[in-house]
Amino acid sequence: MIQSLKENAFIPSNSVLSHQKVGKIITLKDSLLSQGLVSADQLAIAEVEYKRYGKKLETVLIEQGFITDKALAKLTAQQGCFNEAHICQMILDPNVVELVPHITCTQYKVIPLTLEDQTLFLAMADVYDVLALDEVQKTCPQLKLVPVVATADDISNAIDLYYGYNKSFASYFQEIEKRREDDPSYHPHEDTSLANPTVRLVEAVILEAAKLGASDIHFQPEEIYVRIRYRIDGVLSQIIVFHKDYWPAICIRLKIMAEMNIAESRKPQNGRFTYLKGIQEIDCRVSSHPTSRGESLVVRLLNKRERFMKLEHLGLSEVTLSNLKTFSQYPQGLMIITGPTGSGKTTTLYALLNELNSTDINIMTLEEPIEYKFPLIRQTEIRENFNFSFADGIRSILRQDPDIILIGEIRDEEIAKMALRAAMTGHLVLT
């Protein structure tokens with residue numbers, strides 16, 4: 001059954017547990033506890049979220065960092081007597097992959113692995129997703145489907161690789177043009193399905209930016225064209241230029257995703273949405289600004305995985321890294337990190353906080369806005385429109401017995417005085 005696959009790509013489950021759909025949650029809880037993968041307290045917290053928001057228990061456990069997706073996949077395989085696939089170690093046959101449409105794979109987090117004797121082995125992020133199996137069965141009615149456990153992240157990466165997500169952006173515009181020719185009344189912004197080339201174009205632009213490590217995506221209209229630029233390591237690089245005829249549909253799509261007013265183009269607006277890619281979550285903050293050539297949009301990308309970056313992975317010199325670690329151990333003082341926009345100031349501070357974070361110290365932050373959320377750390381968002389400034393926040397925080405204070409930015413003399421006062425009265429201040 002699995003001999004044609006790369007060695008160790010499939011790991012057969014040797015568990016003798018049988019799966020009962022009705023008792024899935026109970027069995028999962030028992031298995032998690034008995035194997036020591038989560039504590040009873042963590043499980044109780046996850047169950048509250050699971051019941052309150054209707055999310056899957058597994059999803060909540062991964063989101064809260066209580067368990068990794070790989071550990072959960074292994075447990076699922078053992079629990080249900082499924083095979084486990086490590087897709088990153090496998091070379092898939094493109095002809096087999098194409099048996100299931102790209103849209104179906106993306107929507108249901110599945111990808112075909114191999115075809116043997118009219119049996120299609122299908123990697124699934126959730127092997128109990130009956131709707132996904134039904135949808136794949138419709139496209140392959142003559143084949144028998146065998147679910148195989150894989151992580152959502154591995155499946156998403158495989159979809160990108162084998163379905164050519166790096167497809168030329170120009171091909172999306174050609175597809176839009178062809179639809180217009182076939183149907184003169186076609187309006188791309190009215191179609192929100194995954195089949196809409198405008199929807200897929202916007203998703204491809206965001207995905208490509210995330211892959212390249214861009215912090216911002218700039219959509220900048222000119223007289224007759226629009227340019228897209230990515231900010232990578234602080235530098236803006238032009239990615240593509242397209243005719244302005246396509247801009248209204250793309251602009252509307254982005255504003256719909258960010259829950260902004262699509263009818264308003266004369267005033268600045270702000271919005272946000274979360275882009276899900278496997279188990280990755282990328283928070284996208286969208287800002288629109290009216291210009292003489294049309295509405296300009298900037299999308300700030302905040303990859304939630306980067307909040308757990310280690311200082312060693314930031315590319316700092318050994319001397320700088322050593323000094324940073326030494327200074328961060330001081331019980332009091334003021335540490336200021338400076339640099340141009342997009343150079344990694346916030347990422348560095350968060351990596352530092354991640355290293356310092358523990359149950360025996362009290363870390364508090366003042367940010368505008370909060371970019372990444374941490375357990376244990378007390379984070380506060382500054383809201384100037386509610387008359388709550390950085391200076392007000394520092395005064396309040398000093399009464400909360402903090403050990404370490406992070407101030408998002410020092411904007412004026414008053415904030416500078418408060419930061420220095422905090423640093424001289426027994427606190428370590430980062431900014």
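Helices here are DSSP runs of H or I with at least four residues, strands are runs of E with at least two, and both are numbered from the N terminus. This is a predicted model, in which local features need pLDDT of at least 70 and side-chain atom pairs count only at pLDDT 80 or more, while totals for chains, interfaces and linings use all residues. Residues are numbered from 1 along each chain as its sequence is written, and side-chain values use heavy atoms, with hydrogens and water left out.

**View 1**
Helix 11 covers residues 247–257. Eight of its eleven residues are buried, so helix 11 is largely enclosed by the rest of the structure. (Buried means under 20% relative accessible area, exposed means over 50%, and partly exposed lies in between, for a 1.4 Å probe and protein chains only.) Among the buried residues are Trp-247, Ile-250 and Leu-254. Arg-253 and Lys-255 are buried too. Glu-259 follows helix 11 and has a positive phi, near 55 degrees.

**View 1. The second largest pocket.**
This pocket has a volume of about 1200 Å³. Its lining counts 41 residues, and the closest to the centre are Gly-344, Lys-345, Thr-346, Thr-347 and Glu-371. (On a 1 Å grid over the protein atoms alone, a pocket is an open set of points with protein on both sides within 12 Å along at least five of seven lines; lining residues have an atom within 4 Å of a point. Points are joined across faces, edges and corners, and the volume is the space filled by probe spheres set on them.) Which helix gives the largest share of the lining? Helix 13 does, with six residues. Helix 10 (197–212), strand 7 (225–232) and strand 11 (294–303) each supply at least two. By class, the lining has 18 nonpolar, 14 polar and nine charged residues. (Ala, Val, Leu, Ile, Met, Phe, Trp, Tyr, Cys and Pro count as nonpolar; Asp, Glu, Lys and Arg as charged; the others, including Gly, as polar.)

Asp-216 and Arg-300 meet through their side chains in a salt bridge (2.6 Å, N to O). (A salt bridge is a side-chain nitrogen of Lys or Arg within 4 Å of a carboxyl oxygen of Asp or Glu.) Asp-216 sits in strand 6 and Arg-300 in strand 11, so the pair ties together parts that are 84 residues apart in sequence. Is Asp-216 buried or exposed? Asp-216 is buried, at 5% relative accessible area. Arg-300 is partly exposed, at 23%. The structure holds 14 salt bridges.

**View 2. A salt-bridge network.**
Glu-222, Glu-223, Arg-227 and Arg-293 are linked by salt bridges. Between Glu-222 and Arg-227, the closest N and O atoms are 3.4 Å apart. Glu-222 is buried, with a relative accessible area of 18%. Arg-227 is buried, also with a value of 18%.

**View 3. A salt bridge between two loops.**
Glu-368 and Arg-411 form a salt bridge, with their closest N and O atoms 2.2 Å apart. The pair links distant parts of the chain, 43 residues apart. Glu-368 lies in the loop between strand 13 and strand 14, and Arg-411 in the loop between strand 15 and helix 15. Glu-368 is partly exposed, at 32%. Arg-411 is partly exposed, at 41%.

**View 4. Phe-121 in strand 4.**
Phe-121 belongs to strand 4 (residues 119–124). Phe-121 is buried, with a relative accessible area of 3%. Its C-alpha atom is 4.8 Å from that of Val-146, 25 residues apart along the chain.

Note on methods
On a 1 Å grid over the protein atoms alone, a cavity is a set of points where a 1.4 Å probe fits but cannot get out, and a pocket is an open set with protein on both sides within 12 Å along at least five of seven lines; lining residues have an atom within 4 Å of a point. Grid points are joined across faces, edges and corners, and a volume is the space filled by probe spheres set on the points.
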